[in-house]
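This briefing covers one protein chain, and the sequence and structure follow.

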Amino acid sequence: MTTIHPNDELLETYALGRLSEAEAAGLEEHLIACGACRDRLVETEDFIAAFRQGALETAPAAAKVLPFRLPRRTIWAPMAVAAALLLGIFAYQPHGNREGEPAVLVLQPLRGPEAGAAAEAGRPLVLLMDVPSETAAGYDAEIVDSDGGTVLRRAARLRDGRLVIDSEGLSRGDYWVRLYERRPVPEQMEEYRLQVR
Ligand SMILES: [Zn+2]
């Protein structure tokens, strides 16, 4: 393990996805072994996410695709994974799916004939939505294709004051994203259009 802890600038560059493969690999090797730096990385990512969200809220466009990388905390979540990595139980390929990094889309409810958000076919998506109303019951999201078939239905997570759904890459087509509030009977709160090209 590298015993020199990365400085803030290096962590930030990494969180923005701007390190070279070699630099990122070296840093990841350190992160696997160093909990303190993983915590610092999470803080850095939170700061960047908050900053981007602030920038978005002032942007007038209906939907924006942001190229930034997702927080990598999911990599660290089960610490057993890191332990297994250290033991060499299975191969770890941090750069194996760099092309498959998710696109982040902000969905806005349709109020007119707008086209809705656009995404690239096959690319994993992170969909962000405003919380339509305060509720303790939570929300479920559903993605429906143009034939009315349900492609995905899962709980929407609340994060930084927004609802978040992760989706695998979708094939080309027009989709609806529906947001349901969990009540005794789920009630549709919003509908968003999503084009995948
Ligand atoms: Zn460290």
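**Briefing**

S167 is found in strand β7, strands being DSSP runs of E of at least two residues and helices runs of H or I of at least four, numbered from the N terminus. This is a predicted model, in which local features need pLDDT of at least 70 and side-chain atom pairs count only at pLDDT 80 or more, while totals for chains, interfaces and linings use all residues. Residues are numbered from 1 along each chain as its sequence is written, and side-chain values use heavy atoms, with hydrogens and water left out.

- S167 counts as buried because its relative accessibility is 5%; buried means under 20% relative accessible area, exposed over 50%, and partly exposed in between, with a 1.4 Å probe and protein chains only.
- Not counting residues up to four places away in sequence, S167 touches P124, L125, I143, L152 and R154, where contact means heavy atoms within 4.5 Å.

**Overall layout**

- The protein chain has 5 helices and 9 strands.
- Along the sequence, these elements follow the pattern α-α-α-β-α-α-β-β-β-β-β-β-β-β.
- Of the 197 residues in the protein chain, 37% count as buried.
- Among contacts with a separation of 6 or more in the protein chain, 62% are accounted for by residues 24 or more positions apart.

**Helix packing**

- Two packed helices are described by the angle between their axes and the distance between the axes.
- Helix α1 (residues 8-15) packs against helix α2 (residues 21-33) at an angle of about 110°, and their axes are 11 Å apart.
- That angle makes α1 roughly perpendicular to α2.
- Axes here are lines fitted to C-alpha atoms, for helices over the stretch in contact, and angles run from 0 to 180 degrees between N-to-C directions.
- Angles of 65 to 115 degrees count as roughly perpendicular, under 35 as roughly parallel, over 145 as roughly antiparallel, and the rest as oblique.
- From α1, the residues L10, L11 and Y14 meet A24, L27, E28 and L31 of α2.
- The residues of the contact of α1 with α2 divide into 6 nonpolar, no polar and 1 charged. Ala, Val, Leu, Ile, Met, Phe, Trp, Tyr, Cys and Pro count as nonpolar, Asp, Glu, Lys and Arg as charged, and the others, Gly among them, as polar.

**Nonpolar cores**

- A nonpolar core is a set of buried Ala, Val, Leu, Ile, Met, Phe, Trp, Tyr and Cys residues joined through side-chain atoms within 4.5 Å.
- The largest nonpolar core has 22 residues, and V177 and L194 have the most contacts inside it.
- Elements giving two or more residues to this core are β2, β3, β4 (125-130), β5 (139-145), β6, β7, β8 and β9.
- A second, separate core has 12 residues, including L11, L19, L41 and I48.
- Leaving aside neighbours within four places in sequence, V177 is in contact with L107, L127, M129, E142, I143, I165, E190, E191, Y192 and L194.

**Salt bridges**

- The count comes to 9 salt bridges, each being a side-chain nitrogen of Lys or Arg within 4 Å of a carboxyl oxygen of Asp or Glu.
- R154 forms a salt bridge with E168, and their closest N and O atoms are 3.0 Å apart.
- This pair links distant parts of the chain, 14 residues apart, with R154 in strand β6 (residues 150-159) and E168 in the loop between β7 (162-167) and β8 (173-181).
- R154 is partly exposed at 31% relative accessibility, and E168 is partly exposed at 47%.
- R193 and D174 meet through their side chains in a salt bridge of 3.7 Å, N to O. R193 is in strand β9 (residues 187-196) and D174 in strand β8, 19 residues apart.
- R197 and D174 also meet in a salt bridge, at 3.0 Å, N to O. R197 lies in the segment after β9 and D174 in strand β8, so the pair ties together parts that are 23 residues apart in sequence.
- D174, R193 and R197 are linked in a network of salt bridges.

**Loop between β2 and β3**

- Q108 is placed in the loop between β2 (103-106) and β3 (117-119).
- With a relative accessible area of 34%, Q108 is partly exposed.
- Q108 and E190 are 82 residues apart in sequence, and their C-alpha atoms are 9.2 Å apart in space.
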